[in-house]
Amino acid sequence: MDKKQLFRLMGSAAGAVLPFWLLDLTLRMTTGCAAWYPLYAAAPNLFSLGFGALFAALCLLPLRRAVGRALYGLLYALWAAYALVQYCIWRIFDRFLFLSDFLFAGEGLGFAGYVRQLMDWRFALFAALLVLWGALGVWRLPGSLPRRRVCPALVLFFALTQLVAPRLYAPVPETPDWDAWQSSGYEYARFSSSSYDMALTGPYQFVARDAFLTLRPDTDTAEQRALVDAFFAERPAHADNEMTGLLAGKKLILVQLESVDDFVLNDENTPTLARLQRKGINFAEFYTPQYSNGYTFNTEFAAQTGVYPYASGNVAYSLSRSAFPYAIGSLLTDAGYTANSFHKSEAKFYNRGAMHQAFGYAQYHSALDYAEDELQAGDDRFLVDCDALYAQMVQTEPFADFLITYSGHLGYDEVDALTTYALEQFPEYRDDSRPYEIDGLFAKARLTDEMFARLLERLEKDGLLDNTVICVYDDHYAYGLTDRAVLEQYSEAAGGRLLERTPCFIWYQGCTPVTVTKTLQTVDLLPTLANLFGLEVPNVMGRDAFDPDYTGYAIFPDSGWLTGTAYAEHGQLVWNDGMTDKEVAEMTAFARRFQQVNDAILDTDYYAQQAGG
């Protein structure tokens, strides 16, 4: 073979390999991966070139060029579809999906209308580039190369990239320090931050490594249990305080709001909720960190169990058989309450039928089983107006009900049926001076507020209100607004993780209004309620808001944390109002340990021992 033939051979092979690399580069460039790891770094580019070589080799195996081109087009189309999904997920959640997150595919269908709003010029450009790279690859796929030489060479190149690329990351510290997360090698070994991991590896190795870590044998559970035991042993034991038993014996209605953000809940949009918040125990600095991609169930799980779900996967399916003897429903059931849960969606949605039983609720009730259609079930007022559903809430005393509202669910544009319905119900929220989505968000929140007004009326009429506690918290900030600038304009927060500050309060007849300014997080709700109801305050990741030994903090995924005096995002200080360098370092180290202990609890089914498992 002369030099001219050799160069032609190399050029043809490169023409089939490069489109897969260009797909990766396009995805990383358009999703902000450069903020985590340089686009020009060798490791992710080597990984993608290596996988491109492997895919090209597979497509050169068929003897007929037409078959090879068809196989190439199919392989590329699958990866292009994957890239489009990840691009949309990043636009919505500012993160990517791990393989285990795809178990939420059924729930994700609910975002179809919202994804339609993402189809702007950026989406069109991204999709057009992917199509262009694929067309070039199919066109350039050679048909007369000596396969015996080319295919082994391409496979060998893939193997070499797998061997070399991981060694290009920064060394993994032998004894990880508080800032070890900044080491690319440390994160590649842990593979816990989807945004960082996509930047480190590109999409092909991202999937391969995620699959490898998911399928590998479990780690030493004894070592993980010891990690959890040590964490709880070092933490001061909970002691009774001035709020202990304040609500003992009262009935409880626990309500998780859907997208009623801090700027949404006010006298104009939600007058009933605003009054209850003002006259109750208001947790003014309450944060709902989003660990898993199922944002609503993320908060649902954390509030019920006092433990966050995995940041790199889901728990709605994998942990439905785990023991949660200290979940809110379990604690109240053990105390003699009848516990039931209520929501619009059917039981298989987020596997709530099984998960709510694991949380201690006797039965999960779906409004769809009682409503005439989806629209009626999506109106939160139906949960109270439907006599059959309301009867399930109050039929046995003392009762503990868990209600999850739905009306505020995204989207908020002109094509969303529930938004149109809400604005027809409350036309006063039509305001041409502001974005239509804001009108829709506010009108939907009013549906939820009306549910509370009717709930109070029915409870009072039935003589139940005087001895009933209503606890309200939000599932997440209003991320469903497609324009981030609009969201930050209306939100009282300053952007970033601070957007995750959401309403949380407790109200009952005769309550002395109190505003708690301590920084709190979702997992703190369970121990706080346990203390107020005079129940055992369990060792979970959260703390009792009224514990004088608890200074208050919120721990976010990706090494972020917030206290009353400082805020760190991705492990880097954003602002500081009094913490010393030593205190900052200690808090960052604690945030990492917090997440490790949290995951160890899930990995080992830690509470099964307390449940007699």
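Me: Which residues are exposed on the other side of H6?
Reply: Trp121, Val131 and Trp139 are exposed there (exposed means over 50% relative accessible area, buried under 20%, partly exposed in between, with a 1.4 Å probe and protein chains only). This is a predicted model, where local features need pLDDT of at least 70, side-chain atom pairs count only at pLDDT 80 or more, and totals for chains, interfaces and linings use all residues. Residues are numbered from 1 along each chain as its sequence is written, and side-chain values use heavy atoms, with hydrogens and water left out.

Me: And which residues of H6 are buried?
Reply: Phe123, Phe126, Leu130, Trp133, Gly134 and Gly137. Seen down the axis of H6, the buried residues fall within an arc of 100°, so they line one face of the helix; the arc is that of the directions from the helix axis to the C-beta atoms.

Me: How many residues does H6 have?
Reply: H6 has 20, residues 121-140, and reaches 28 Å from first C-alpha to last, close to the 28 Å expected at 1.5 Å a residue. That expected span is 1.5 Å times one less than the number of residues. Helices here are DSSP runs (H or I, at least four residues), numbered from the N terminus.

Me: What caps its N-terminal end?
Reply: Asp120 does, with a side-chain oxygen 3.2 Å from the backbone nitrogen of Arg122.

Me: Switching to H19. What should its 26 residues span?
Reply: At 1.5 Å a residue, helix H19 (residues 436-461) should span 38 Å, and its end C-alpha atoms are 38 Å apart, which agrees. Just after H19, Gly463 takes a positive phi of about 70°.

Me: Where does Leu61 lie?
Reply: In the loop between helix H2 (42-60) and H3. Leu61 is exposed, at 53% relative accessible area.

Methods:
Helix = DSSP H or I, 4+ residues; strand = E, 2+ residues; numbered from the N terminus. Polar contact = N/O pair within 3.5 Å; in protein donor to acceptor, adjacent residues only side chain to side chain.
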